[in-house]
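Welcome! Please take a look at the sequence and the structure below, and then let us walk through some parts together.

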Amino acid sequence: MAIDFTPTGADLELKNVRKDFPGFTALEDMDLHIPAGEFFALLGPSGCGKTTTLRIVAGLEEPTAGQVLIGGKDVTASKPHERPVNTVFQSYALFPHMTILENVAFGLRQRKIDEPLKKAMDALNLVELGYAAERRPQQLSGGQQQRVALARALVNRPALLLLDEPLGALDLKLRRQMQIELKAIQMEVGLTFLHVTHDQEEAMDMADTVAVMNKGHIEQMGAPEALYERPKTAFVSKFLGQSNLFVGSIAESNKESLSIEVGGHKITVPKNRAEKHTGKICIGVRPEKTTFHRTAPKLGSDHVVVGPGEIIDIRFTGVSNQYLIAIPNVGDVTVFAQNVGISPVIELGEKVWVSWKVEHSFGLSDLPAGNEDE
Amino acid sequence: MKRLTLGKLTLPAYSFLAMAFMLIPIVYTIVFSFNDSKQRTNTTWQGFTFDKWLGVCKNPDVCQALGNSIFIGVVSTLIATVLGTALAIGLVRYRFKARALVNLALFLPMATPEVVLGAGLAGLFFNAGVGAGMTTVIIAHVVFCLSFVVVTVKARVQTLDPVLEEAGRDLYANPSQVFWKITFPLLLPGIFSAALLSFSLSFDDFIITYFNSGSVETFPKYVYVLAAKGVPAEANVIASGVFIAAILIVLISQINGAIKRKRMLGK
Amino acid sequence: MAFAAFGSSPAKEHKSSTKSSKIVLALLLPGLVYLGLFFFTPLMSLVITSLEVPAASYAPGAYEYGFAWENYVEAFTTYLPQILRSFFYATVATVIALLISYPLAYFIGVKLRPRPMLQRLMLVLVIAPFFISFLLRTIAWKQIFSDGGAIMQTVYSLGLMDRSQHFLGTDAAVIFGLTYNFIPFMTLPLFTTLERFDVRLLEAGSDLYASPARVFRKVTLPLSMPGIISGTLLVFIPIAGDYVNAGQNFLGSSKTTMIGNVVEFTFLQNQNYPLASSLSVMLMAVIVALIGLYVRSSGTEDLL
């Protein structure tokens, strides 16, 4: 089967992919479509199946059921060396018995491309490691090995590049730098990148589209901002950033919004930001969208107010102050207040009210664990 | 632990004594290879000479036996190494149902007494109408070397991260290329140790060889037969030579490994 | 098991992948077929031969197929002394080898850990006897302990033994030779186990008020059991079947014959194949039983 090395990326499609291992199911009903040229992030906690998905796309695992299509072609039965896909492995997987130049040239040699060493050298220069071409991988630092692994994959101009938590072992500064470089390379060459990670900041920063995975299936997929501002499930709301969640049965419902009653407070969400419109629902709000007040605020129906409650914890994180407020019959509510230079205005034990705009509420399609007693 | 100063010394002292004890016959053999024994026997010390080392093949029987042993060793090592490496890779890399049975089947030859194996093979060859000779010896040697090769290579395969082979496949190498360009070079030290081990076992084997070699003379057979009358010094020369060569190979490979490790950690 | 100590440096191990395919067969089949042909078939042929009866012609070496179970009875009764002696030697030699090897293995495996170069050197020295011809080693001892040799002369002049007594040709000499030759086989598995031994457990033991002797009995010894067991198997079995050490030309005499010697002369000289085979089968049966016990308690993964 001749491999078509298109100068730009190809799209990836997973249809109904299922993967069973003896004893458990890693992937169930995976449906995915990544358009060509996109930087796509697969985000999730360890064990959610994201690495399995990657391996199935690379051809290193066979799906129990379903299809894998690259550039419209069904590659489900193809072996890894027959697919126009390259992987940057989490442990880099550099060949210890070859110089890094030979490592990078390996794929080119296998495909019998002309001037493999020259092209390999170009790739090494791209990641600023040309000077180390004759060294062995064991002589390089983690960050350098990481870049060699990247060069080794990129030099083959694959239609689809898979990255398995490639930045995990790097320190913060290096990671930031690599994130910028990766994104730049991807945009310049137009390759399709599938990046697997458990680091949500990384996913949101680099990707055009993020898919949040949990327990073998995709919970929610979309542009980073959309995902962040409007999470649809309790898992996504907690995994991506932090959320305050409130559970209650629907008390009021009109054309535009829904409200639940919690501990004597009315918590409202616009209907077009609510997944579920009947029965018991969960409404949430991001902590940075909330503010606290020292006296009971007088705000209109476009705001939600809860309180009074006592401040039980204050954390200073440089950029912001994080307050934890215990409101009787409601629960603990987190408020992020950006550190705009005003010295701490509130102290532990003080009594405050919390408010936010209704338009910032989001309604989930499910309930947080422990609340399902419908 | 200061009060145990005497106790602290006992273990090292004991160990060095034990080591010295182990080396006594070796030293004796090497020393007597320099014995200026006028007769064919080599039991009493008669003076120091290099003659036996220089003219080791003046005694033609010894060198003939040595040549046979080397030939048998090389051929059986080749066969055992190929078969054993394949088995080791299969055992480590793949999961299959008959695993316990295969482990047992490979262990038994190591645990079988040489008389049993020797007699059994001799009987088999006899019944099959195959005369005992070079072929039967080589076949017999492969049998007992095989499991040792598997054990040694298996240990090496287990340290080989499968992700390296996956990376090879990801980079367009088909299974055969993955093996020759990635797996094999990385397994080479283990395969080399296994080959060395196999050769030493084959070279030194007596019992199984005795039952299955017919008229082919090997070095151990030669020594055994002469044990009654007296083993000539030339035999000591050969044994000492083999010993020194083997120790050198082992020491060199250990030092080599140490240097490599230091170099990698240094940069 | 033991030889793994030389195969590679202790690095992390990786689990086997779940790919099962024709590749597995291609890898395993040649070796297994070879063993099937040249290991298992001979064993079966031994069983068959052990049941044969003398041919009608009564020519030496001529036998026919039969079901002569009485061959076993005859072999057992005729050579009971040798059988018992073999197991006696094997037991004593194994125990002594264990007692000698354990402290040595402990020293190299535990005490020398901070000095890996020295550790490797000591290991090379332990297996060094392995590289010099087994026969010549034994002959060396024979000459060292010969009546005219320095050691025996000293013993005689000190009056420890009478001049009519000898060392060579006694049970003690044979056991000595056997023990010596198999110490490396005991030391290596012990070393492999002790090398992985977590020394902090000893500290924990003494922290909990145990005396050194107690710590040894309750912590070190149980945890080194796998090494002890594999060492014992690796030593006891070959010793039981050995015949070189006990041979008259080496360290033994006509009074120290073992099963191996009997098999040798009944097979090669007397050409009494059924007898030789039945002895071999009996020896093998005991060994298989021992291995069976081991496998039942510890499984087969550690065998190789």
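## A residue inside a helix of chain B

B:Ala140 belongs to helix α6 of chain B, which covers residues 134-158. Helices here are DSSP runs of H or I with at least four residues, strands are runs of E with at least two, and both are numbered from the N terminus. Before going on, note that this is a predicted model: local features need pLDDT of at least 70, side-chain atom pairs count only at pLDDT 80 or more, and totals for chains, interfaces and linings use all residues. Residues are numbered from 1 along each chain as its sequence is written, while chains are lettered from A and ligands numbered from 1 in the order in which they are written.

Is B:Ala140 buried or exposed? B:Ala140 is buried, because 31 other C-beta atoms lie within 10 Å. The cut-offs are these: buried means 20 or more other C-beta atoms within 10 Å of the residue's own, exposed means 12 or fewer, and partly exposed is in between, with C-beta atoms placed from the backbone. Apart from neighbours within four places in sequence, B:Ala140 is in contact with B:Leu121, B:Ile208 and B:Asn212; contact means that the two C-beta atoms, placed from the backbone, lie within 7 Å. B:Lys229, in turn, is 89 residues from B:Ala140 in sequence and 29 Å away in space, C-alpha to C-alpha.

Now look at the whole of α6(B). Of its 25 residues, 22 are buried, so α6(B) is largely enclosed by the rest of the structure. The end C-alpha atoms of α6(B) are 35 Å apart, which agrees with the 36 Å that its 25 residues should span at 1.5 Å a residue; the expected span is 1.5 Å times one less than the number of residues. Even so, α6(B) has a kink of about 35° centred on B:Cys145. The bend at a residue is the angle between axes fitted to the seven residues ending there and the seven starting there.

For α8(B), a straight helix of 30 residues would reach 44 Å, but the end C-alpha atoms are only 38 Å apart. In α8(B) there is a kink of about 55° at B:Leu188, shortly before the proline B:Pro189.

## Where chains A and B touch

The contact between the chains takes 17 residues from chain A and 16 residues from chain B. On the chain B side, α7 (162-170) and α8 (175-204) each supply at least two residues, and α7(B) gives the most, with six residues. By class, this side of chain B has ten nonpolar, two polar and four charged residues. Here Ala, Val, Leu, Ile, Met, Phe, Trp, Tyr, Cys and Pro count as nonpolar, Asp, Glu, Lys and Arg as charged, and the others, Gly among them, as polar.

## Inside chain A

A:Gly143 sits in helix α4 (residues 142-154) of chain A. A:Gly143 counts as partly exposed because it has 16 C-beta neighbours inside 10 Å. Beyond its neighbours within four places in sequence, A:Gly143 is in contact with A:Leu170 and A:Leu174. A:Leu170 is 27 residues from A:Gly143 in sequence, yet 6.0 Å away in space, C-alpha to C-alpha.

Chain A also has an open sheet of four strands in the order β2-β1-β4-β5, with antiparallel pairing. Its edge strands, β2 (24-34) and β5 (73-74), each pair on one side only. Strands pair if DSSP finds at least two bridges between them, and β4 (residues 65-70) pairs with β5(A) over two bridges.
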